[in-house]
Amino acid sequence: MTVRVRFAPSPTGYLHIGGARTALYNYLYAKATGGTFVLRIEDTDLERSKAEYEKLQIDDLKWLGLLHDEGPDKPNPKYAPYRQSERTEIYQKHAQELVDKDLAYYDFCTEEELDAMKEKAAAEGRDPVYEGKWKDPAFHQEALDRIAKGEKPAIRFRAPKKSYTLNDKVKGSVTYPENMVGDFVIVRSNGQPVYNFCCVVDDYLMEITHVIRGEDHLNNTVRQLMIYEALGAKIPEFAHVSLLIGHDRQKLSKRHGATSVNLYRSEHYLPEAMCNYLCLLGWSHPTEKDIFDKQDIVEVFSLDRFSASSAMYDLEKFKWVNSEHIKKMDNASLILLIEQEPETEFFRKQSPEWKNACVELLKRYAQFITDFPKLVNELILNDDPEITDPLKEILSWDTTPQILAFIAEETGKVTSEFISEAELNGWMEHVKKIMGVKGKPLFQGVRAALTGHDHGPDLKFLIPLTPVRVLKNRVAHLNK
RNA sequence: GCUCCCAUCGUCUAGCCCGGUCUAGGACAUCGCCUUUUCACGGCGGUAACAGGGGUUCGAAUCCCCUUGGGAGUACCA
């Protein structure tokens, strides 16, 4: 059996990190099993669905590298179309078949009548169950007559009176008691089919073998089980992945701040890092590895390593994962990414050797790609550093003024754009031998004179990357 | 309210299915130390958890029940 999985977002907003995680698991499972990853657009809620969101979500998915094998833009004629709004006739046909078999019926109940039933059920402390007269087959003819007169009924599914058991890949055995749900609408009176129905018809017709989705659908599944049964369809495997929660332990949503993928994308997080972090929320690597890329995971991914409890989204760890991916990345790729950042004119103009040395030095300090331009500015280009207290202290040492004077003199003599490590070493030697300064006063003094800071990366790597004109300005600045 | 799901360090988790090897392992964060002639990077180490109560058993983080806590669902939303 070839695995077919799907990610089925509603285009009612940006791609959410929870959605991205679900998409990721589906993608990974497809790749791990040599299966097919299908993208289906669940836009049956005409009011909220927008074509632009569909495009935006697909863009985000692509950015994450979660490319689908089939979808609206990559249709397989056997299963197309992939937008539910374009499949209305398919749903109506199947709904009609259910009515013909008396597995569903026309319902003309008004909103008021329905509300009254719900209130009654609530008062009696049970779930609302449809008890309208149209449930009775005796009224079928009356319904037909009203339809003939042009009235529009909803189509309601006749929920079997029995309990259902689901063998979920992550939750294990789940039993839905009899009467958990009453008869439910599958086609609205305006002819629009409803999610639970579309979902099953599509999964059935698209031959989906594994449904990997959020736990918020766990209760829905009983309705879907009923429909599979009524349709005579094979029931796929289900894996209800636990939900992502925010710091207040509530389901992650917009009010938790940065929860849409495009936000991280615009802040230039690495897509691989995002997949890596998201993957770890509720799933664990068999050898407890926590830094990996998609290729590594595909080889070991399986549905039996999901955690059953919900996971808190923690930006701190995500940031760490991002920084680990930066450290792992080769310099050439890093340089390419950095040059796409704004305010990197200086960086872009430098020699390949300079860029490589610069990235090699700075990547251990950077958590994000956007940190590189910042670090270059602070560490390499800033020529009037702030005089901080620790810096003042170094400047007050007896030996510092002479170091400062010496550095001013030496940098004044340099005509090249940069100095070499050897030249720097020469200066250090001079200060050490001729001036008799060593240890902390030596290094801290030279550091202060050349960088205007009391701390930072190793001087022998940093200074050869710093333009001599900046060095000159700094010494002049400090001499004032 | 009702139904379903969940419960190991602050956080993500391993272990649970197939009880003993768990005085519970890893990672983030945090704290400390070491190294480096400075500063970092790094390395090493510390603090820190089986929600509570009953069973079952020679033995329970692991199996069962209850309580408590948390989450989700309860639509002619998805």
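Buried here means under 20% relative accessible area, exposed means over 50%, and partly exposed is in between, with a 1.4 Å probe and protein chains only. Helices (H or I, at least four residues) and strands (E, at least two) are DSSP runs, numbered from the N terminus. With those terms, helix 6, residues 195–205, is mostly covered, since eight of its eleven residues are buried.

Some housekeeping. This is a predicted model, in which local features need pLDDT of at least 70, side-chain atom pairs count only at pLDDT 80 or more, and totals for chains, interfaces and linings use all residues. Residues are numbered from 1 along each chain as its sequence is written, chains are lettered from A and ligands numbered from 1 in the order in which they are written, and side-chain values use heavy atoms, with hydrogens and water left out.

Back to helix 6. Its buried residues are N196, F197, C198, C199, V200, V201, D202 and D203. They pack against strand 1 (4–7), helix 3 (88–100), strand 7 (184–187), strand 8 (210–214) and helix 7 (221–231); a contact means heavy atoms within 4.5 Å. Just after the helix, E207 takes a positive phi of about 55°.

Now the whole chain. Chain A has 21 helices and eleven strands. Its radius of gyration is 32 Å, well over the 23 Å that the globule rule gives for 480 residues, so chain A is more spread out than a compact globule. That radius is taken over C-alpha atoms, and the rule is 2.2 Å times the number of residues to the power 0.38. Along the principal axes, the C-alpha atoms fill a box of roughly 110 × 50 × 45 Å. Of the 480 residues, 49% are buried. Among contacts in chain A with a separation of 6 or more, 75% are between residues 24 or more positions apart.

Y176 is buried, at a relative accessible area of 2%. Setting aside neighbours within four places in sequence, Y176 is in contact with S163, Y164, L166, L218, N219, T221, V222 and L225. The C-alpha atoms of Y176 and N219 are separated by 8.2 Å, and the two residues are 43 residues apart along the chain. The Y176 side chain also reaches the backbone oxygen of L218, at 2.8 Å. That is a polar contact: a pair of N or O atoms within 3.5 Å, where within protein one must be able to donate a hydrogen and the other to accept it, and residues adjacent in sequence count only if both atoms are side-chain atoms.

Next, charges. Side chains of opposite charge can pair when their charged atoms come close. A salt bridge here is a side-chain nitrogen of Lys or Arg within 4 Å of a carboxyl oxygen of Asp or Glu. The structure holds 31 of them. D183 and K135 form one, at 2.5 Å from N to O. This pair links distant parts of the chain, 48 residues apart: D183 is in the loop between strand 6 and strand 7, and K135 is in the loop between helix 4 and helix 5 (140–148). D183 counts as buried at 6% relative accessibility, while K135 is partly exposed at 26%.

K413 and E410 form another, at 2.9 Å. Both lie in helix 17 (residues 400–413), three residues apart, about one turn of the helix. K413 is exposed at 53%, and E410 is buried at 15%. There is also a network of salt bridges linking R6, R40, E42, R87, D202 and D203; D202 and D203 are among the buried residues of helix 6.

Last, the RNA. A residue is near the strand if one of its heavy atoms lies within 4 Å of it. Which residues come nearest to RNA strand B? Of the 63 around it, they are S10, D45, R188, Q250 and E288. Sugar and phosphate make up 73% of the RNA strand B atoms that come within 4 Å of the protein.

By class, this surface has 21 nonpolar, 16 polar and 26 charged residues. Nonpolar covers Ala, Val, Leu, Ile, Met, Phe, Trp, Tyr, Cys and Pro; charged covers Asp, Glu, Lys and Arg; the others, Gly among them, are polar. The largest share, five residues, comes from helix 19.

A polar side-chain atom of S284 is 3.1 Å from a phosphate oxygen of RNA strand B. A polar backbone atom of M312 is 3.0 Å from a phosphate oxygen. An N or O atom in the side chain of R447 is 3.2 Å from a base oxygen.
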